[in-house]
Every structure is written in C-alpha cells, then in structure tokens.
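This report describes selected packing and backbone features of one structure. The sequence and coordinates are shown first, and the description follows.

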Amino acid sequence: MAAKGNGAGVTPEYWDDACKHLSKRDRVMKKLIPQFGEARLQSRGDAFTTLARSIVGQQISIKAAQSVWDKFAAAVGGPPHRLVPDDVLALETAALRAAGLSARKAEYLADLARHFADGTVHVKQWQQMDDEAIIDELVAIRGIGRWTAEMFLIFHLMRPNVLPLDDLGLLKGISVSYFSGEPVSRAEARELGEGWAPFRSVATWYLWRSLDPLPVEY
C-alpha cells in the first residue's frame with residue numbers, strides 16, 4: 001500500500017501530489033485545500049472490522065452505533081478494533097440480539113463473517129484488483145451496498161480515484177462550492193468529477209471537510 005504511518009493511522013503517500021494536481025486543475029480546490037493545513041485521510045483497523053462497523057452503524061446515530069458496537073465487540077470477545085470472523089460465527093443469534101442488533105443486522109454480520117472465514121472475499125489480492133472488482137465482491141455480501149463499498153475503498157484501501165455519487169455529503173459539497181447552493185444531479189457531479197481524476201477521492205474528502213471541519217472517518 002502506498003502509505004506512511006503515524007501515531008493515529010496510515011496516510012496515503014499520494015496526498016501531496018494530489019493536492020498539487022487538484023490545485024492546478026480546479027479553482028475551488030485551489031482555495032479549499034489550504035484551509036485544512038496538514039489534515040489527511042487516515043486508514044485504521046482491519047478490513048473485516050471496518051465493514052462490520054459500517055453494518056452496525058447503518059441508519060442509527062453515531063452515538064447509538066458506538067454503544068451497540070461496544071456491546072457487540074464484548075460479546076465477540078476480542079479487541080474492538082480487530083474482531084475475528086470465526087469468533088462472530090461462533091455467537092448465537094440471541095447473543096447478537098442482546099448486544100442491541102436488529103435481526104437483520106445480526107444476519108448481515110453473520111454473512112459478512114462467513115464471506116471472510118471461507119475466503120469468498122480475496123482480501124490478500126485486493127491490492128492488485130481494480131476498484132470495480134472489489135466493489136463487486138463486497139456488494140455480494142448482504143447489508144453492503146455500493147456506497148458502503150466505496151467508503152471502504154476510500155477509507156480502508158485508500159484508493160485515490162473513487163467518486164461516490166450516492167453520497168449526499170459529496171453532492172451537497174459540490175452544490176455549495178460549485179453551484180452557489182443550487183441542487184446538483186449525479187450527471188453534473190460525475191462530469192465535474194472527471195476533472196479531478198486521478199484523485200477524485202481526495203477532492204471528495206476536501207468537499208466533505210468543507211461541510212464539516214471534523215475529518216470524516218470510517
């Protein structure tokens with residue numbers, strides 16, 4: 001992985017080059033990027049745990065998701081930042097429900113654990129696979145849609161050129177920064193995003209930051 005570590009996480013090595021490229025190509029990015037100083041995208045945790053957290057957090061507040069996650073991790077019996085798929089599979093559904101998970105999320109987490117335990121997802125090959133091939137593997141898991149897969153590509157694998165067109169924050173950021181607050185269609189967002197290639201993930205991250213100064217993390 002093209003990345004370097006620091007105390008808090010791993011940062012992509014391409015980041016500075018991406019900022020220079022975007023600042024040259026795009027007047028909005030030229031103004032936006034310097035506002036956030038040394039802040040960078042950071043990757044944390046391992047693949048299975050990151051995806052499990054994304055399932056737990058669906059359609060509930062961040063605070064509620066953290067509470068459920070803590071109970072779930074305690075039931076699994078591992079460090080909450082690195083759960084083992086086989087340990088999740090060993091849990092009865094009742095134990096998952098007791099952690100505060102809905103019946104559907106309990107099923108999703110079991111399906112996720114099965115995919116990892118039996119090698120249906122090719123974690124060790126992901127670095128060599130293209131973005132769409134990884135998305136195809138992930139959306140085959142129940143409870144993971146394209147948006148979750150794209151967040152995983154950006155935040156876990158730190159792929160530089162992902163444009164998550166289903167992300168409301170991205171569309172809002174484009175609306176505010178490029179269209180004076182007018183609504184933006186997916187087609188308009190896609191066309192604008194073509195100008196950010198090959199660093200569309202980086203442009204997306206800065207637009208998220210423009211709406212919320214706290215860094216987005218998954």
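Ala106 counts as buried at 3% relative accessibility; buried means under 20% relative accessible area, exposed over 50% and partly exposed in between, with a 1.4 Å probe and protein chains only. Ala106 belongs to helix α7, where helices (H or I, at least four residues) are DSSP runs numbered from the N terminus. Leaving out residues up to four places away in sequence, Ala106 touches Leu96, Arg97 and Leu101, contact being heavy atoms within 4.5 Å. Its C-alpha atom is separated by 30 Å from that of Trp208, 102 residues apart along the chain.

The model is predicted: local features need pLDDT of at least 70 and side-chain atom pairs count only at pLDDT 80 or more, while totals for chains, interfaces and linings use all residues. Residues are numbered from 1 along each chain as its sequence is written, and side-chain values use heavy atoms, with hydrogens and water left out.

**Helix packing**

Two packed helices are described by the angle between their axes and the distance between the axes. Axes are lines fitted to C-alpha atoms, for helices over the stretch in contact, and angles run from 0 to 180 degrees between N-to-C directions.

| Helix pair | Angle | Axis distance |
|---|---|---|
| α1 (residues 15-25) and α12 (residues 200-211) | about 80° | 9 Å |
| α9 and α12 | about 100° | 11 Å |

Helices α9 and α12 are therefore roughly perpendicular. Angles of 65 to 115 degrees fall in that class, whereas those under 35 count as roughly parallel, those over 145 as roughly antiparallel and the rest as oblique. On the α9 side the contact involves Met151, Ile154 and Phe155, and on the α12 side Ser201, Trp205 and Trp208. By class, these residues are five nonpolar, one polar and no charged. Here Ala, Val, Leu, Ile, Met, Phe, Trp, Tyr, Cys and Pro count as nonpolar, Asp, Glu, Lys and Arg as charged, and the others, Gly among them, as polar.

The pair α1 and α12 is likewise roughly perpendicular. Trp15, Ala18, Cys19 and Leu22 of α1 meet Val202, Ala203, Trp205 and Tyr206 of α12. This contact has eight nonpolar, no polar and no charged residues.

Pro164, in the loop between α9 and α10 (168-178), is buried with a relative accessible area of 0%. Not counting residues up to four places away in sequence, Pro164 touches Glu150, Met151, Ile154, Leu170, Thr204 and Trp208. The C-alpha atoms of Pro164 and Gln128, 36 residues apart along the chain, are separated by 21 Å.

**Nonpolar core and aromatic pairs**

In soluble globular proteins, nonpolar side chains tend to be buried together. A nonpolar core is a set of buried Ala, Val, Leu, Ile, Met, Phe, Trp, Tyr and Cys residues joined through side-chain atoms within 4.5 Å. The largest such core has 67 residues, and those with the most contacts inside it are Met29, Phe72, Leu112, Trp126, Leu138, Trp196 and Tyr206. Setting aside neighbours within four places in sequence, Leu112 contacts Phe48, Leu51, Ala52, Ile55, Ile141 and Ile144.

Rings of Phe, Tyr and Trp (its six-membered ring) pair if their centres lie within 6.5 Å; planes under 30 degrees apart count as stacked, over 60 as edge-to-face and the rest as tilted. This rule gives a count of 12 aromatic pairs. In one of them, the rings of Trp126 and Phe152 have centres 5.4 Å apart and planes at 75°, so the pair is edge-to-face. Trp126 lies in the loop between α7 (103-117) and α8 (131-139) and Phe152 in helix α9 (residues 146-155), so the pair ties together parts that are 26 residues apart in sequence. Both partners are buried: Trp126 has 1% relative accessibility and Phe152 has 2%. Elsewhere, ring pairs link Tyr14, Trp15, Phe36, Phe199, Trp205 and Tyr206 into a cluster.

**Backbone features**

Most residues other than glycine have a negative phi, and most peptide bonds are trans. The peptide bond from Ala197 to Pro198 is cis, with omega near 5°, and Pro198 is placed in the loop between α11 (186-194) and α12.

Met158 is not a glycine, yet its phi is positive at about 55°. Met158 sits in the loop between α9 and α10 and is buried, with a relative accessible area of 3%. Ser180, also not a glycine, has a positive phi of about 50°. Ser180 lies in the loop between α10 and α11 and counts as exposed at 74% relative accessibility.

Notes: Helix = DSSP H or I, 4+ residues; strand = E, 2+ residues; numbered from the N terminus.
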